[in-house]
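Please keep the coordinates open while reading.

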Amino acid sequence: MVFGIVLAGGKGSRMGNTDMPKQFMKLGSKPILMHTVEKFFVNPRIEKIIVPTHKSWVEHAKNLVEKNFGKTDRVVVIDGGESRNDTIMNAIAYIEENHGLDDDTIVVTHDSVRPFVTHRIIDENIDCARKYGACDTMVPAADTIVESIDGKVISSIPVRDHMYQGQTPQSFKAKRLKEIFESLTEDEKNILTDACKMYVLKGEHVHVLMGEVFNIKITYPFDMKVAQSLIGEEEK
Amino acid sequence: MINAVYQLVSPRMIDVTYKEVDLTAGEVVLRPYKLSICKADQRYYQGMRSQAALKAKLPMALVHECVAQVIYDPTGTFNVGDFVVPIPTVPTETDEIIAENYLRSSYFRSSGNDGFLQDIITATPDRLVKLPDNMNMNVASFSELVSVSVHAMRRFDKIAHSRRNKIGIWGDGNVGYITALLFHYLYPETELYIFGTVEEKLSYFSFAKATYHVDHVPEGVAIDHGFECVGGAGSRSAINQMIDLINPEGTMSLMGVSENFVDINTRMVLEKGLRLYGSSRSGREDFEQTVELYKKFPRLVSRLDNLVGDVVQVKTIPDIHSAFDKDIHRSFGKTVIDWAK
């Protein structure tokens, strides 16, 4: 079985004055989160879409889902966790409890604020995770990546041809993902920025697949303006 | 949901744009599976249309020949996974006399409206025709083109008098080949005479009674009815040669598109009492009949497979250019796009 996990656990807003998490902000006719969930909803290979959400916004998210999809058991809103990986683990716990977890259980994890993800990207994630166990979506780095450990001077400039920018989805065989997470020390957990890093830390392969430059993450007000202009919406 | 639409913004320049799709609009959601490039797409792509036409119609997603897979159907008409052919003609009214493809109020996908080069496409159930199981998907991708010939045949059946012993088809390209094939299967007793300009292309018409180079037609060749599948600069000579060779009261089906006005020998049209009628695009009934013909004549599908030329997998916008570049160098056959974008 394949599950979509649309990560909507963020509470903080980098969107300026608003207190509303960015995934609930409206883009075109509906909240960003709903655009993203719909991409998974119309993919028939996805059995169920789990939307882990910050506790304070769970009821709001449930209302949005019901308004958008009517009564459906294909989309379920659950409590998110403290960190991104805790949130993913909450979703996996939900799957285990309600559907069971076996070697063929695939999770396609995706940022709720990336509504421009395409059908092809989701399909390739499913295929890749099934074949390789873990995969990450990325695009070649357009800018030169510069490392500065102290923030004052450059410590290294990696070869740009070897650099990619990570996007989502990131997809995994759920059972192995859970095993790896449970094997991590607290120190290791503290340095994680995403789920793929767990595999890298443990020396396991994560397969790479190409995303799209336009599969942007809407984080800052600037991104919102870009997203609005992409869909031809007048800035309000 | 936000959909990625790959539009021609100016000749040879394709860019992605994004459009909202309403899942509650009562439309079936489809993923393009294979698409086929049509001459009309090439005319836009190469900038061969008038500046006025380009200005009026671009930006626009090209391609109106496609086979797609149902991924979500809130109407309950289709099963998820069904392969269907989308009908690019979209009527906005019904008329008991005038066919939907001739209604001036109908619109056409990839002519003023976005065609099928999109991440996903949507259509109302009446604009979709389900394909039989085990269909050859490369052939299915150009079902729209086949349906145009089916439409021409149906019009012929209504308009032409009943003496149909000898049919002449001008044009040794894709439309000529498909139209001739349909005649071969639907009217097996009829003798087919093909008039073209390229020997190699004419050699594909092995089922015809005879093929002629237009400059070397023997004395005494005559036909009861004719089909013009030439278009462009060749329309004038094709139509007038047909007028010379056709028997009195014959009908002439005009199927080729020309950017320019065409001089026609109307004196002989009058003297012979000929009927010239246009035939363009197709509607739902033609698509349905096309699919029925696929089921009834498996060998028709095998013959249509001879038209499949390059099959180009498209994962990037440069791949789309590559498909169009390959297609422009092809004098016969269809370029199929394997949609993986």
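In chain B, the centres of domain 1 and domain 2, taken over C-alpha atoms, are separated by 29 Å. The model is a predicted one: local features need pLDDT of at least 70, side-chain atom pairs count only at pLDDT 80 or more, and totals for chains, interfaces and linings use all residues. Residues are numbered from 1 along each chain as its sequence is written, while chains are lettered from A and ligands numbered from 1 in the order in which they are written.

Domain 1 of chain B consists of 2-142 + 307-339, and domain 2 covers 147-278; such bounds come from an automatic or database domain assignment. Between the two domains, 5 residues of domain 1 are in contact with 5 residues of domain 2, where contact requires C-beta atoms, placed from the backbone, within 7 Å. Chain B has 11 helices and 19 strands, which are DSSP runs numbered from the N terminus (helices H or I, at least four residues; strands E, at least two).

The C-alpha atoms of chain B fill a box of roughly 65 × 40 × 35 Å along the principal axes. The radius of gyration of chain B is 20 Å, which agrees with the value near 20 Å for a compact globule of 341 residues; it is taken over C-alpha atoms, and the globule rule is 2.2 Å times the number of residues to the power 0.38. Of the contacts in chain B with a separation of 6 or more, 74% join residues 24 or more positions apart.

Turn now to chain A. Here 7 strands form an open sheet with mixed pairing, in the order E5-E4-E1-E6-E8-E7-E9; strands pair if DSSP finds at least two bridges between them. Strands E5 (75-79) and E9 (207-210) of chain A stand at the edges with a single partner strand each, so one side of each has no neighbour in the sheet. Strand E1 (residues 2-7) and strand E6 (residues 106-111) of chain A pair in the parallel sense over 6 bridges. Within this pairing, Ile5(A) has Thr109(A) in E6(A) as its bridge partner.

Finally, what lies between the chains? The contact involves 16 residues of chain A and 17 residues of chain B. On the chain A side, helix H1 (32-41) and helix H4 (119-132) are the elements that give two or more residues. The largest share, 3 residues, comes from H1(A).
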